[in-house]
Structures are given as structure tokens and as C-alpha cells.
Amino acid sequence: MDVERITEELYGLKPADFVAARDAYVAEARKAKDAPAAKAIAALRKPATAAWAANRLARERREEAQRFLALGETLREAHRTLDAERLRAASREQHQVVTALARTAAELARDAGQPVSDTVVREIEQTLHGVLAHREVAELWSKGRLVKVPEAAVDFTAIAPETVPPRPAPAERQPERHPDQERARAAAAEADAEVARREREFDEAQRARQAAATQAEEAAERVARLEADLEEARQSRLDAETTASNAATALTTAKRALAQSRRAADRATRTAERLEERAP
């Protein structure tokens, strides 16, 4: 079986249709005795609604997706080299693009008959931020095969003060600053630090919630597969019992027919013997 083609087809389906279609292909592969294909297809996981909507965006808006992937490459390189000015310049563009693309993805999902809540839209935005922040997420998204919402990356373009190399002090003497100005700057820095702490807490809470949701979804899928296997086993048992019952009935009928044949043979033998005795 063509596992690549089947994978492409499955991740184009709505999440509600994924499991049944996947399991049907697994059964087909097993029937064809293609164990590697059955194993590979069975390992495919149903995408979360937000991940599926983001995948649909990548599949249907190829040019926009390519531009977005290029933006991610630029941001990751700037982040790696601690190019703070470049990151700050790109930050506004990043958030504007993510918001617009998330809205487009939600519209595409609704057009396909998949309801999308405000919560899912926020998860789509988180997914797109993850595409910008993580190369491995970007690669899966480019193929339209994301399964879950990646870890939050809302602070990706922000550079913590302690990570930015200090600027060299200028040779000329700097003008003295007014105390009120110094206090205002200190207050602003403290506020920024508080925002960063809150964002980290928010990220951790989102990761924990997403991990729990993923675990619950995987457990539900395992239950569904086990229930399907159990139902198949029950049907096999019923079929075997029916076959055994039919065989028992056939055996009883055969025994009766054999007994009748033997009695008829005995009567025929006795009749022949009597005729021979009477013969002159």
C-alpha cells in the first residue's frame, strides 16, 4: 500500500473523519498482509482541531505559507544571533501576520464544515507562533501534517535584557538624567520584567493544558481502537460459534443418514439371503 498517499489523504480529512478512515486503511493493509503499512498507518495520530486548521492553511494557501516560512527563518536567525534591533523591528510584523493568517485558517475550516471557536482561533495563533519559533514544527506544517498545538512561543521575538550584549559606552560624556526620568525608566523596566514573568507563567499553563488535552485525546483513541478490536473479536467468536453449531447440526444429520443407510443395507442383505435360500 502507498503509505505516503494515504497519509496525505488522511491529514486532509476533518478531525471527526480521521480515525474511522485511518482504521479502515489499517484493516485493508492487514487483509492484504502488508504488516509494515498497517503499522505505519496505525501510528498516525488524529490532529487537534487547531492543528488541522493550520494544516489546511498550509495546504490551500501555498504562497502565503511560503512567505510565512521565510519570515520564520529570518526570525530564528535573528534570535540566534541576538540581533535585538532586527527582532524588535520584526515583532510587529510577526503578530500582525499571525493574527491575519489565523483568521484565514479559521475561515477555511468553517468553509470545510468544521466549527471553530474563539479558543481554537487562539490555539491556531499559538500554532503559527510555533511555526515561526521551531524549525521542526515549520517542517511538519509545510507538509500539512501537524498533529498537536506546539508549545507556546508568544515571547519568541522578545530579547531578555540579560541576553543582549551590552553596548560599548560612547566616548563623549552623556548628559545627566533627571531623577524623575531615572525613576520612570526604572518603573518601565520593572513593568517589562513583570510582563515577561507573566508571559512565562502563561506559556507554562498553556503547555500544561495542551499536554493534558493531548493525553486525553490519545487515551480516547486507544479506547476506541481497543473497543473496535474487542468488537471484532466478539464477532469472530460469534462467527466461530455459528460455524461450530452448523457443523454439529451437519454431523448429526450425517449420522442419521449413515444409520439409515446401514439399516437399508442390512435389509437388502437379508432379502438377498432369503431369495438365495428359496432358489431351486
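Let's start at aspartate 23, which is partly exposed at a relative accessible area of 26%; here buried means under 20% relative accessible area, exposed over 50%, and partly exposed in between (1.4 Å probe, protein chains only). The model you are looking at is predicted, so local features need pLDDT of at least 70 and side-chain atom pairs count only at pLDDT 80 or more, while totals for chains, interfaces and linings use all residues. Residues are numbered from 1 along each chain as its sequence is written, and side-chain values use heavy atoms, with hydrogens and water left out.

The side chain of aspartate 23 meets that of arginine 22 in a salt bridge, at 3.2 Å from N to O. The term stands for a side-chain nitrogen of Lys or Arg within 4 Å of a carboxyl oxygen of Asp or Glu. Arginine 22 has 0% relative accessibility and counts as buried. The structure holds ten salt bridges, and a few others are worth a visit.

Move along to glutamate 73, which is partly exposed at 38% relative accessibility. Glutamate 73 has a salt bridge with arginine 76, 3.3 Å from N to O. These two residues are three residues apart in helix α5, so about one helical turn separates them; helices (H or I, at least four residues) and strands (E, at least two) are DSSP runs, numbered from the N terminus. Arginine 76 is buried, with a relative accessible area of 12%.

Glutamate 73 also forms a salt bridge with arginine 135, where the closest N and O atoms are 2.9 Å apart. This pair links distant parts of the chain, since arginine 135 sits in helix α8 and glutamate 73 in helix α5, 62 residues apart. Arginine 135 is partly exposed, at 43% relative accessibility. Elsewhere, Glu4, Glu8, Arg59 and Arg145 are linked in a network of salt bridges.

Now for the rings. A search of the whole structure finds two aromatic pairs. Rings of Phe, Tyr and Trp (its six-membered ring) pair if their centres lie within 6.5 Å; planes under 30 degrees apart count as stacked, over 60 as edge-to-face and the rest as tilted. Tyrosine 11 and phenylalanine 18 make a tilted pair, 5.2 Å centre to centre with 45° between the planes. Tyrosine 11 is buried at 5% relative accessibility, and phenylalanine 18 is buried at 0%.

Phenylalanine 68 and tryptophan 141 pair edge-to-face, 5.7 Å centre to centre with 70° between the planes. Phenylalanine 68 belongs to helix α5 (residues 62–80) and tryptophan 141 to helix α8 (residues 135–142), 73 residues apart.
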